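Please read these points alongside the model. They run from the whole chain to single residues.

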Amino acid sequence: MKIAFCGKGGVGKSTVAALLCRALREEGLSVLAIDADPSPHLGRLLGFSEEEKLTPLSEMRELLAERAEKAGPYYTLNPRIEDLPERFMLTRDGLKLMVLGAIREAGGGCACPEQTVLRRLLSHLILQAREAVVVDMEAGVEHFGRGTVVPMDFILVVTQPYRGSLETAKQILRLARELELKNVLVVGNAVRTTEDEAFIEKTLGQSPVLSFPEDPQVAAAEREGRSLLEVEGPAVEAARRLARILLSHGA
Ligand SMILES: Nc1ncnc2c1ncn2[C@@H]1O[C@H](COP(=O)(O)OP(=O)(O)OP(=O)(O)O)[C@@H](O)[C@H]1O
Ligand SMILES: [Mg+2]
């Protein structure tokens, strides 16, 4: 199951992605979390402290070069997670982390090469049963232009019940329709009331598959720099429900 999180900056993509990784682990899946944000912090949310040791995925070009003459585990056309070289991954308790690491020079422009690597990896990676890949995409809609989201089984569009984030969500839903993507689901975040929920549904013409409440435990963990693996509370419960919904879709 390949899952991507998209949405406007700051709506809670990384938070919800990290909580979902945790919930999928609790359901017994092996989870590969990929942080595709150029200023990565999914690792911190998942309690990985040694992120600086990781080689960013953007340096994986040869691996995905798709050149038949370079046969061998690094160059297989359809790698499995265990075929990927260790230096690109941190592993702990069935949870793996990769970072795309598209740190561009100031004024350096385009992230196209990084996005190409990510798209190829996501398209060619063969998952075994009970394996999930969860990608925390960069904010906004750029990855739709580059087709990075096409190989995903689920695209989860995170939105809060305010116009700014709903505009981005609307744009994402339109682009997803143009690409004829299936399983594009809206996830509400920081939803307080049924009015909030109704506002999301009315604005997007699609009701959230699930809404996360504002959770003081998540806010406290953020302030104290604690990982979301240690938190309990309503957001963790919501993530468990979301995991079960996705598993029942059975992609
Ligand atoms: N349900 C929630 N309850 C409490 N705090 C939350 C919740 N969701 C997100 N936050 C807080 O809101 C802030 C932004 O969340 P997060 O970093 O997950 O957003 P993002 O969409 O990944 O942002 P960016 O676009 O910058 O990557 C964080 O401080 C996070 O702790
Ligand atoms: Mg983020």
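1. Basis. This is a predicted model, in which local features need pLDDT of at least 70 and side-chain atom pairs count only at pLDDT 80 or more, while totals for chains, interfaces and linings use all residues. Residues are numbered from 1 along each chain as its sequence is written, chains are lettered from A and ligands numbered from 1 in the order in which they are written, and side-chain values use heavy atoms, with hydrogens and water left out.

2. Overall build. The protein contains 8 helices and 8 strands; these are DSSP runs numbered from the N terminus, helices being H or I with at least four residues and strands E with at least two. Of its 251 residues, 53% are buried. Buried means under 20% relative accessible area, exposed means over 50%, and partly exposed lies in between, using a 1.4 Å probe and protein chains only. Among contacts with a separation of 6 or more, 74% are between residues 24 or more positions apart; a contact means heavy atoms within 4.5 Å. The exposed surface comes to about 11,400 Å², of which carbon and sulfur atoms supply 48%. Accessible areas come from the Shrake-Rupley method with a 1.4 Å probe, and for residues only the protein chains shown count as cover.

3. Ligand 1. Taken alone, ligand 1 exposes 630 Å², and the protein buries 77% of that.

4. Asp35. This residue is found in strand S2 (residues 30-35). Asp35 is buried yet has no salt bridge, and the nearest side chain of opposite charge, Arg44, is 8.8 Å away. Lys and Arg count as positive here and Asp and Glu as negative; His and the chain ends are not counted. A polar atom of the Asp35 side chain does lie 3.0 Å from the backbone nitrogen of His41. Beyond its neighbours within four places in sequence, Asp35 is in contact with residues including Pro40, Met98 and Asp136.

5. Ala36. The loop between S2 and helix H2 (42-45) holds Ala36. Ala36 counts as buried because its relative accessibility is 3%. Ala36 and Val99 are 63 residues apart in sequence but 6.1 Å apart in space, C-alpha to C-alpha. Outside four places in sequence, the contacts of Ala36 include Leu100, Leu118 and Val135.

6. Salt bridges. How many salt bridges does the structure hold? There are 12, each a side-chain nitrogen of Lys or Arg within 4 Å of a carboxyl oxygen of Asp or Glu. Arg22 and Glu26 form one at 3.2 Å, N to O; both lie in helix H1, 4 residues apart, about one turn of the helix. Arg22 is buried at 7% relative accessibility, whereas Glu26 is partly exposed at 44%. Arg80 and Glu82 are also paired, with their closest N and O atoms 3.2 Å apart. The bridge between Asp93 and Arg92 has an N to O distance of 4.0 Å. Shared partners join Arg22, Glu26, Glu232, Glu237 and Arg240 into one network.

7. Positive phi. Asp93, in the loop between strand S3 (90-92) and strand S4 (95-99), has phi near 50 degrees, a positive value in a residue other than glycine. Asp93 is exposed, at 63% relative accessibility. Ala190, in the loop between strand S7 (184-188) and helix H6 (194-204), has phi near 55 degrees. Ala190 is buried, at 9%.

Definitions and conventions. A polar contact is a pair of N or O atoms within 3.5 Å; within protein, one must be able to donate a hydrogen and the other to accept it, and residues adjacent in sequence count only if both atoms are side-chain atoms.
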